[in-house]
Amino acid sequence: MEETAHEAVGLTFHPLDQFALTPLFGGGGADYNPPFYALTNATLWMALAVLGIFLLFVVSTRSRSVIPTRSQSVAELVYSFIRKMVDDVAGHDAGRFFPLILTLFLFILFTNFFGLLPMSFTATSHIAVTAVLGFGVFLFVTVLGFMLNGKKFLGLFWMTDAPLFLRPIIAVIELISYFVRPVSHSIRLAGNVMAGHTVIKVFAGFAQVAAISPFAILGVAAIYGIEILVAGIQAYVFTILTCVYLKDALHPGH
Amino acid sequence: MEHDANAVEAELTHGTAVPSGEGPIPLLQPAYFDNLIFWAVVALVAIYFILTKMALPRIGSTLATREGTISSDLSAAEALRTQARDAQAAYDKAVSDARAESNRIAQQTRDEIQAQLDTALAQADAQIEARAAQGARAVAEIQAQAQASVAEVARDAAREILRVMGGQVDEAAVDRAVAARVGG
């Protein structure tokens, strides 16, 4: 992580340096090209997210108390929240996919929030990571749709309610929108997270000028507040869209 | 030339140390993709197994247990409420029974006292009447004696007056005159 304020002359902004991968044990630099198995800062912060999920969902619930402790209550709240979302949006027969959806939600939520810690790394700011999520959901839902419904899954694109001459046009539009789904799904998340983190760094860069530094710090604080909202909301949006796509696979006839 | 070009390139990449200046920005750096994708998949699989193998069965059973506890507590509370209502009814009945009983006893006592009172009043009336009769008799006696005494005194006085006046004392006439006058 480069500290911008150390450069003596003029304003220097390097708001994107926070997204660079660095090896955990020495080396790195601008042309760092890690092998896929290398332990990087991304590895560290994703591992911390897994650890956080483990602490919240396994360690804090180990007492199985009927009257929950505080952290157990939080875990049960998240469980019930996502459970209800899956039931309401994707239908009751989507219950078997609840663990998958909770996995997505928790991964995004924890990486988003851990990414808000100073000096941390936000995995969800990288399109490569969110594409794994978005295209993973897309492939899963598409394969599931064909496995469960066979050719009837294509009814998703063929609107029998529409007048006959409009149906091919609608089918083309529906097809395009269907294939845009994973792209928008992943870019929405990465874009939101990346933009917020970048704006924070830009404000922080302005803090180099003594005269405007109070406003810059205020700006950082304000954007940070918004980022806290974004971290939760984007996890929620990604999850509920996944439920919507899942519903299409389970009930393509609407 | 070849060497120079390499040196320039090396200087460009190393000298910047600022990825935002040259080359692709970190977010679109293809060199990162395999690493990020690999670790993201590892993290997702790890989370999935943590959830399915440990967390979800546990939380699900805890929630089910809680629901069971709550519903059994609720039905127990319902049973207790019914019991309480029965107890309340029994208590109310006992209270009204006791009240009726106490009214009955009070009435009985009142009647007994009234009967005793009536007897006592009747006795007292009888005594009072007896006393009054006695008194009346005594008064009559005294009156009769007084009447007799008055006639006696009147006769004596009449005889004495006659004797003083030098007349003949006709005993029978005096008695008749006195009796006529005094009514004794």
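## Start with chain A

Select chain A: its secondary structure comes to 6 helices and 0 strands, where helices (H or I, at least four residues) and strands (E, at least two) are DSSP runs numbered from the N terminus. Read along the sequence, the pattern is α-α-α-α-α-α. This is a predicted model, in which local features need pLDDT of at least 70 and side-chain atom pairs count only at pLDDT 80 or more, while totals for chains, interfaces and linings use all residues. Residues are numbered from 1 along each chain as its sequence is written, chains are lettered from A and ligands numbered from 1 in the order in which they are written.

The C-alpha trace of chain A spans about 70 × 55 × 40 Å along its principal axes. Buried residues make up 35% of the 254 residues in chain A. Here a residue is buried if 20 or more other C-beta atoms lie within 10 Å of its own, exposed if 12 or fewer, and partly exposed in between, with C-beta atoms placed from the backbone. Among contacts in chain A between residues at least 6 apart in sequence, 62% join residues at least 24 apart; two residues are in contact if their C-beta atoms, placed from the backbone, lie within 7 Å.

## Colour by confidence

Now colour chain A by pLDDT, the predictor's confidence in each residue, from 0 to 100. The mean for chain A is 90, and 96% of its residues reach 70 or more. Among the elements of chain A, helix 3 has the highest mean pLDDT (96) and helix 5 the lowest (93). Over residues 1-8 of chain A the pLDDT is below 50, and this stretch has 12 contacts in the model beyond near neighbours in sequence.

Which members of the largest nonpolar core touch the most other members? Select A:M46, A:A49, A:I101, A:F105, A:F107, B:A40 and B:A43: of the 63 residues in this core, these touch the most other members. A nonpolar core is a set of buried Ala, Val, Leu, Ile, Met, Phe, Trp, Tyr and Cys residues joined through C-beta atoms within 7 Å. The elements that give two or more residues to this core are helix 1 (41-59), helix 2 (70-90), helix 3 (98-115), helix 4 (127-149), helix 5 (167-206) and helix 6 (213-250) of chain A, together with helix 2 of chain B. Helix 3 of chain A gives the largest share, 12 residues.

Stay on helix 3 of chain A, where 16 of its 18 residues are buried. Centre on A:I101 and show what it touches: A:I82, A:V86, A:T239, A:T242 and A:C243, not counting residues up to four places away in sequence.

## Along helix 4

Next, select helix 4 of chain A. Its buried residues include A:I127, A:V132, A:F138 and A:G145. What covers the buried residues of helix 4 includes helix 3, helix 5 and helix 6 of chain A, together with helix 2 of chain B. At 1.5 Å a residue, its 23 residues should span 33 Å, and its end C-alpha atoms are 31 Å apart, which agrees; the expected span is 1.5 Å times one less than the number of residues. Just after helix 4, A:G150 takes a positive phi of about 60°.

## Two loop residues

Go to A:R64, in the loop between helix 1 and helix 2 of chain A. Phi of A:R64 is near 50°, a positive value in a residue other than glycine. A:R64 counts as partly exposed because it has 13 C-beta neighbours inside 10 Å.

Then pick A:M119, in the loop between helix 3 and helix 4 of chain A. Phi of A:M119 is near 70°, again a positive value in a residue other than glycine. A:M119 is exposed, with 7 other C-beta atoms within 10 Å.

## Across to chain B

Finally, show both chains: 39 residues of chain B are in contact with 45 residues of chain A. On the chain B side, helix 1 (2-16) and helix 2 (30-164) are the elements that give two or more residues. Helix 2 of chain B gives the most, with 29 residues.
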